[in-house]
Amino acid sequence: MNKLLGGAVAALLGVLVLTVSRDEDEAVDAAVGDCLAAPVTVRVGEDAEADAKVVGCGSAYAAYTVVGRLDGRSDPRSTACETYFQANEEYFVYSSTAGDGYLLCLTRRR
């Protein structure tokens, strides 16, 4: 499995790229308000390999909150998530090719 997670500020794009089938994608059913766990620390402007899955937001493993979902897109360098954030706000993008593809627009849990 090839999975990447990256941080972003302003025009820099953080990316979590997922290129696995729907059956292996543990975030395929993620919706706005859900939380994701990823076992890596992401630095702004960098990509990192990671597995991600939906977890309860009260879980100690919850690292990111889904603030937007865009179906039918899977380009990890898309700027589509920028509409969910203010200028200079740190954000992350989870990109999946499962099905028709989707992007999850994420913030880091505080």
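Modeller: The charged end of Arg69 is placed over the ring of Tyr102, at 4.2 Å from the ring centre. This is a predicted model, and the description below should be read accordingly.

Tyr102 also belongs to the largest nonpolar core, which has 15 residues. Together with Leu36, Tyr64, Tyr94, Leu104 and Leu106, Tyr102 touches the most other members of that core. At least two core residues come from each of β6 (64–71), β7 (92–96) and β8 (102–108). Strand β8 gives the largest share, three residues.

The structure contains three aromatic pairs. One of them joins Tyr64 and Phe92 in an edge-to-face arrangement, with 5.1 Å between the centres and 65° between the planes. This pair connects distant parts of the chain, since Tyr64 lies in strand β6 and Phe92 in strand β7, 28 residues apart. Tyr64 counts as buried because its relative accessible area, 2%, is under 20%. Phe92 is likewise buried, with a relative accessible area of 0%.

Another pair is formed by Phe85 and Tyr91, whose rings are stacked at 4.7 Å centre to centre, with 15° between the planes. Phe85 is buried at 10% relative accessibility, and Tyr91 is buried at 1%. In soluble globular proteins, nonpolar side chains tend to be buried together.

Technical notes: Residues are numbered from 1 along each chain as its sequence is written. This is a predicted model: local features need pLDDT of at least 70, side-chain atom pairs count only at pLDDT 80 or more; totals for chains, interfaces and linings use all residues. Side-chain values use heavy atoms; hydrogens and water are left out. A nonpolar core is a set of buried Ala, Val, Leu, Ile, Met, Phe, Trp, Tyr and Cys residues joined through side-chain atoms within 4.5 Å. Buried means under 20% relative accessible area, exposed over 50%, partly exposed in between (1.4 Å probe, protein chains only). Helices (H or I, at least four residues) and strands (E, at least two) are DSSP runs, numbered from the N terminus. Rings of Phe, Tyr and Trp (its six-membered ring) pair if their centres lie within 6.5 Å; planes under 30 degrees apart count as stacked, over 60 as edge-to-face and the rest as tilted. A charge sits over a ring if NZ of Lys or CZ of Arg is within 6 Å of the ring centre and within 35 degrees of the ring normal.
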